[in-house]
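Visitor: Please take me through one part of this model in detail. I would like to look at the place where the two chains meet, and then at what lies around the ligand.

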Amino acid sequence: MILRGSLAIWRRDMLVLRRSILSELVAVVAYPLTIYLAFGIGMKGYIGLVDGVPYALFIAPGLITMTAVNAAYNESVWSLWFHRRVQFTIESYRVTPISVSEIVIAKILSGFSHGLIKGLVVGLVIFAITPFRFPSENLVAYLAFLVPGSALFSCAGVICGTVMDKPETIGKVEAVFVMPLIFMSGLFFPLSSYPAAVIPWVRALPTTALFEGARQALVAGDLPYAFLGQVMVTALLVFIAAVWIFRWKLSE
Amino acid sequence: MSTQLHSSSAITIRSLSKHYGGLAALDDFSLEVERGSIFGLLGPNGAGKTTLIRILTTLMRQSSGEVRVEGLDPRTHGREIRSLIGVVSQENSLDRYLTARENLELHARLHGMDAGRYRRRIDDLMELMGLSGRQHDLPESYSGGMQRRLVIVRALLHEPRLLFLDEPTTGLDPQSRRAVWEYISSIAGSMTIFLTTHYLEEAEHLCDRIAIMDHGRLIALGSSQELKDKLTGGTVYQIEFNDQVGRYAGLLGGMACVREMQVSGQTVCVGLESWECLSEVVTALNGASVRRISLKERTLEDVFMDLTGKGVRE
Ligand SMILES: Nc1ncnc2c1ncn2[C@@H]1O[C@H](COP(=O)(O)OP(=O)(O)OP(=O)(O)O)[C@@H](O)[C@H]1O
Ligand SMILES: [Mg+2]
């Protein structure tokens, strides 16, 4: 029964999501779709094949992954900040007989759910407007990346929403760390475009493992174990850190 | 020590201290709260009331000292304590994205109540608080008084043994305040109630016992009558003269049984050691042209001001 509290709070978050799902989805789909249309289709004639596939196909997995991890991160960071600093709901949870770990696990689950749902919706929209079709093994392999990837970013969001008390800081961290990390990880161009000296460093990033691995999974149907292991281990470590940091912050 | 602490009191606090950096928010604070009573904690801004409630409700750990809530130590039995207490915090902590009823349902689930039980309980409490008709509205559409009542309903949902209310009526108009008072009085007896307030009238109206604190220390404790008696040290009379105020003020000021004296215009206020001194005073004033002598009732407010000083707090 340890997760009774987590379940109750997660259900609350899903109820709120359900109420606003349509307007949220419009906003969530608009951004990757614009990029997709502008780069994938608008620039098609200029770019041609990248790594042996049409550019639109090259960027599609990354755009879906980006949507999912962004949604997971954003939900977690803002929800944590809002419920802690503005609405004091976390405090109202803390005077009930559930543990602090149950609260943070609920918030991680909610961010993860947001990421997965929004990522999948963007995926459906992109597939609907392109001629590319994938075998179901590819989709399963892709999900094997999307799931720990969303969890990883949800945990990272929980950490940021826990330690940052000011909304400006949250905005800055997103602009300076999160977006560059996503864009530099092989979303729009292959890693081979980097100077040789930089490649090992970029490869070491968990985001690279996520974006590269997810693309290989969806486009080629591979399951690159090294990348998958890297994403999963990082997600696990960040999860442990998130729980620990949240407990530490609340015990001040 | 631990055997002593397991008394029949709802709350036992021994030499409690809490420091924020160099600031002592609670300083060697001790208190007992009897089961089934309504206990009021009064103090100006920054006195340490919320800090004390946060420690009692397991939200925060003390720097030193011992606390027992229903015989349990918040540091080791947090979960057990939290299942026994209801908390109305100083800030409004309602979820503005959930309806009133959904707010209550979430809280009930966090307390592990099953749906059959909490549905009935919510219906009953909402009815009692006059909120039934608005249960499917968002709390933002409620008035301040209604929101406060909703938070109280939430705190009572799981039938706590001990209810903490941190400034339950701050920011409410007099009518809403009365409504909250009435409700608190109506549930009194079935549980222990521990409330903090800035309003002396509130403490006087509701509480069996009152503690006054400032700068993290307990400075007075008793029923409202006891506090008034003990702290005014007897009685204050107002003597209004027709003339020669200065001369008689000097005379009164020199008397042994006059503890304190204030002169304003034609009126002299004298605080006497005891009411028996009055005859001495009357004798001394023989021949003076006295317009009126009246007994001045000291309010709890006077007591409070005497004890905590008149300066406004940061
Ligand atoms: N988290 C904190 N960090 C540092 N100082 C704090 C913190 N919380 C409270 N204080 C300080 O501790 C003292 C007691 O604060 P507390 O909130 O307990 O007072 P209070 O009696 O509830 O006041 P009020 O009537 O304004 O609610 C104050 O001086 C306050 O500034
Ligand atoms: Mg306070």
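Guide: What follows covers the interface and then the ligand shell. The model is a predicted one. Chain A and chain B together bury about 2400 Å², with 55% of that on carbon and sulfur atoms. On the chain A side, the residues that lose the most area to chain B are Gln87(A), Val95(A) and Pro97(A), which together make up 24% of what that side buries. The contact draws 28 residues from chain A and 26 residues from chain B.

Four salt bridges are counted between chain A and chain B. One of them joins Arg19(A) to Glu102(B), where the closest N and O atoms are 2.3 Å apart. Helices H1 (4–42), H3 (55–86) and H4 (89–94) of chain A each supply at least two residues to the side that touches chain B, and H1(A) gives the most, with nine residues. By class, that side of chain A holds 13 nonpolar, seven polar and eight charged residues.

Now the ligand. Ligand 1 is surrounded by 14 residues, and the closest include Asn45(B) and Lys49(B). An oxygen atom of ligand 1 lies 2.8 Å from a backbone N or O atom of Gly46(B). For the side chain of Thr51(B), the distance from an N or O atom to an oxygen atom of ligand 1 is 2.6 Å. His198(B) places a polar side-chain atom 3.1 Å from an oxygen atom of ligand 1. Of the 640 Å² of accessible area that ligand 1 has on its own, the protein covers 63%.

Conventions: Residues numbered from 1 in each chain as written. Chains lettered and ligands numbered in written order. Predicted model: local features only at pLDDT ≥ 70, side-chain atom pairs only at ≥ 80, totals over all residues. Heavy atoms only, no water. Contact = heavy atoms within 4.5 Å. Buried area = accessible area lost by both parts, 1.4 Å probe. Salt bridge = Lys/Arg side-chain N within 4 Å of Asp/Glu carboxyl O. Helix = DSSP H or I, 4+ residues; strand = E, 2+ residues; numbered from the N terminus. Nonpolar A, V, L, I, M, F, W, Y, C, P; charged D, E, K, R; others polar. Near = heavy atom within 4 Å. Polar contact = N/O pair within 3.5 Å; in protein donor to acceptor, adjacent residues only side chain to side chain. Areas by Shrake-Rupley, 256 points an atom, 1.4 Å probe, with all protein chains shown as cover.
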